[in-house]
Amino acid sequence: MAKATRATQMLAKHAVTFTVHTYAYDPDAQRTGLQAAEALGEHPSRVLKTLMAEVDGKPVCAIVPSDAEVSMKKLAAAFGGKSAQMMKPADAERLTGYKVGGISPFGQMRKVPVALETSALAHDLVFINGGQRGLQVRLSPHDAMAALDAVSAALIADA
């Protein structure tokens, strides 16, 4: 498995301190974020998933804990929009240049607005996909926000 991806190259270019962690990716897992958390031995709230969506028809990226569901209403509000929906997997792959299960918010083919779930900022370090299935980068959520020029917003659906 290559440990140098567009994602890790972007982080290095922005002088972000991070470590690379690999695990055995299970293509049959129902929820790849939870599978990554279990494989890494981390609490799901520290292993964040990258979701590609559309707000009022424009692409956006949401980063949330792997054990959480995104509220489309909150996601739309985070970007000043009226409605949001998940992007089709094929569209997400085309836009980002990454395969589903390996989509990273870092080093995407096209820069899109990014929102990071506010609760993730409570952790010193979080895991985010490193641009390849079975590859995670561990870094400060604040550093991730700075590198992505992201906004912090409450994105999680109420339980």
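Modeller: Start with strand 6. Of its 7 residues, 6 are buried, so strand 6 is largely enclosed by the rest of the structure. The model is a predicted one.

Take Asn-129, a residue of strand 6. Is Asn-129 buried or exposed? Its relative accessible area is 6%, and buried means under 20%, so Asn-129 counts as buried. What touches it? Setting aside neighbours within four places in sequence, Asn-129 contacts a run from Gly-101 to Phe-106, namely Gly-101, Gly-102, Ile-103, Ser-104, Pro-105 and Phe-106. Leu-135, Gln-136 and Val-137 are also in contact with Asn-129, and so is Leu-48. Ile-103 is 26 residues away from Asn-129 along the chain, yet their C-alpha atoms are separated by 6.5 Å.

Now the partner strand. Strand 6 pairs with strand 7 in the antiparallel sense, over 5 bridges. Gln-136 of strand 7 is the bridge partner of Asn-129, and Gln-136 is also among the contacts of Asn-129. The two strands form a hairpin with 2 residues between them, and in this hairpin Gly-134 has a positive phi near 85°.

Which residues of helix 1 are buried? They are Ala-7, Thr-8, Met-10 and Leu-11, in a helix that spans residues 6–13. Viewed down the helix axis, these buried residues fall within an arc of 160°, so they line one face of helix 1. The face turned away from the buried side carries Ala-12 and Lys-13, both exposed.

Helix 1 is followed by Ala-15, with a positive phi near 60°. That is a positive value in a residue other than glycine. Most residues other than glycine have a negative phi. Ala-15 sits in the loop between helix 1 and strand 1. Its relative accessibility is 68%, so Ala-15 counts as exposed.

Asp-149 lies in the loop between helix 5 and strand 8 (151–153). With a relative accessible area of 62%, Asp-149 is exposed.

In helix 4, the buried residues include Ala-92, Leu-95 and Thr-96. Down the axis of helix 4, its buried residues fall within an arc of 85°, so they line one face. Helix 1, strand 2 and strand 3 (58–65) are among the elements that cover them. Just after helix 4, Gly-97 takes a positive phi of about 85°.

Lys-58 in strand 3 is the bridge partner of Val-55. The hairpin of strand 2 and strand 3 has 2 residues between the strands, and Asp-56 takes a positive phi near 50° there. Strand 2 also runs antiparallel to strand 4 (residues 84–86), joined to it by 3 bridges. In that pairing, Glu-54 has Gln-85 of strand 4 as its bridge partner.

Strand 2 and helix 4 meet again at the largest pocket. Which elements supply at least two residues each of its lining? Helix 2 (32–40), strand 2 (48–55) and helix 4 (89–96) do. Strand 2 gives the most, with 5 residues. The lining has 29 residues, and Thr-32, Lys-49, Thr-50, Leu-51 and Val-100 lie nearest the centre of the pocket. By class, the lining has 17 nonpolar, 9 polar and 3 charged residues. The space in this pocket is about 630 Å³.

One last point concerns the loop between helix 2 and strand 2, where Gly-41 is found. Gly-41 counts as exposed, at 62% relative accessibility. Gly-41 and Ala-78 are 37 residues apart in sequence, and their C-alpha atoms are 31 Å apart in space.

Note on methods: Residues numbered from 1 in each chain as written. Predicted model: local features only at pLDDT ≥ 70, side-chain atom pairs only at ≥ 80, totals over all residues. Heavy atoms only, no water. Buried < 20%, exposed > 50% of the residue type's maximum accessible area, 1.4 Å probe, protein only. Helix = DSSP H or I, 4+ residues; strand = E, 2+ residues; numbered from the N terminus. Arc of directions from axis to C-beta. Pairing = 2+ DSSP bridges. 1 Å grid on protein atoms, 1.4 Å probe; cavity = no way out; pocket = protein on both sides within 12 Å on 5 of 7 lines; lining within 4 Å. Points joined across faces, edges and corners; volume = space filled by probe spheres on them. Nonpolar A, V, L, I, M, F, W, Y, C, P; charged D, E, K, R; others polar. Contact = heavy atoms within 4.5 Å.
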